[in-house]
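Open the model in your viewer and keep the selection panel at hand. The tour below goes from one selection to the next.

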Amino acid sequence: MRAVQVATAGGDFELVEREVPQPGHWQVLVRVAACGICHSDAMAKGGLASAYPRVPGHEVAGTVEAVGTGVSQWAVGQRVGIGWFGGACFVCTPCREGDFISCVQRWVTGLTRDGGYADYVLAPADALAAVPDELSDVEAAPLMCAGVTCFHGLRESGARPGDVVGIVGLGGLGHLGVQFAAKMGFEVVAIARGAEKGDFARQLGAHHYIDSTREDVASRLTRLGGAKAVLSTVTDAAATTAVVGGLRTRGQLVVVGVPVAPMEISAPDLILSSRTVGGHASGTAKDSEDTLRFAVLTGVRPIVETTSLDQAGPAYDRMMAGQARFRIVLTT
Ligand SMILES: [Zn+2]
Ligand SMILES: [Zn+2]
């Protein structure tokens, strides 16, 4: 089979031939049809994988090719997706509390095991989501990380229908976040840089648009009544924290984008209105499955470009340069 691997920490992507792996106990072999390129693939490329060589990719859609012993819930030929969640150990304290995404093992597809930049990928049975027939593989793949991160982050935020909810950024995550937020019944405020993105944000379902290069984001959110939750999808620390003053009482900033720089937040901004700042880690395979089903129910779809597996290197470079419109999906 073909696989795109990173041979050493910091190395380039290289297309190699490998033996197709065989599923062991509790494992499923998936024939990959599509795999999205995510900003977090930089972790595999940059040296944070558990071992090298490593095949990145955690936005996988495909079909079950073979199942190992102990797997009764998946059948050959079934359409499945695999996301960031790489399975749980079921014995650590968070797992015993039913909080599988917080499993202390931190098993991550494409980081602690090989991922979906390949013709085939192995995954633990508990890391698979069923893909509804209504979604193509190319549509389903980005929902397995970008999609579930936004959908699950929003539904866990405490915001309820009718509440003002902000989405910072209109890229790979943000363009999905705006759609999900609108379909969840929030009053949606899209926040991005540049007046020209306003029409696009409204097409995605946003009720308001804030051009952060021209307007003070916090004061505009405050004039709208204050945001119960803001999902920040960007990698700019200042753009992420600029919304805190625009949260309503007990509002929450939910950080899902990953700024490299530390975030500076004023303590009075937090204390005086009992605001909170939290992170949100993707979701389990069941959360992904919920995301896919919600997308079918409501018509939420990722906007993607597709390219072939052997173009993973140039495609990754375009994504990192912010040129992807809006998610790049590798197809086999
Ligand atoms: Zn991701
Ligand atoms: Zn665990």
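The model is a predicted one.

Begin with helix H4, residues 174-183. Because 8 of its 10 residues are buried, H4 is largely enclosed by the rest of the structure. Show the side chains of the buried set: Gly174, His175, Leu176, Gly177, Val178, Gln179, Phe180 and Ala181. Just after H4, select Gly185, where phi is positive, at about 90°.

Next, select the zinc ion (ligand 1). Which atoms coordinate the zinc ion? They are SG of Cys38, NE2 of His58 and SG of Cys145, at 2.0 to 2.2 Å. Along the sequence, these donor residues follow the spacing C-x19-H-x86-C. Cys38 and His58 link distant parts of the chain, 20 residues apart. Cys38 is in the loop between strand S3 (27-36) and helix H1 (41-46), while His58 is in the loop between H1 and strand S4 (60-67). Cys38 counts as buried because its relative accessibility is 4%, under the 20% cut-off. His58 is buried as well, with a relative accessible area of 2%.

Stay with His58 for the last stop, as this residue also lines the largest cavity. The lining divides into 4 nonpolar, 5 polar and 1 charged residues. The volume of this cavity is about 40 Å³, and a search of the whole structure finds 1 cavity of 30 Å³ or more.

Note on methods: Residues numbered from 1 in each chain as written. Chains lettered and ligands numbered in written order. Predicted model: local features only at pLDDT ≥ 70, side-chain atom pairs only at ≥ 80, totals over all residues. Heavy atoms only, no water. 1 Å grid on protein atoms, 1.4 Å probe; cavity = no way out; pocket = protein on both sides within 12 Å on 5 of 7 lines; lining within 4 Å. Points joined across faces, edges and corners; volume = space filled by probe spheres on them. Nonpolar A, V, L, I, M, F, W, Y, C, P; charged D, E, K, R; others polar. Donors = N, O, S within 2.8 Å, 3.2 Å for Na, K, Ca; no water. Helix = DSSP H or I, 4+ residues; strand = E, 2+ residues; numbered from the N terminus. Buried < 20%, exposed > 50% of the residue type's maximum accessible area, 1.4 Å probe, protein only.
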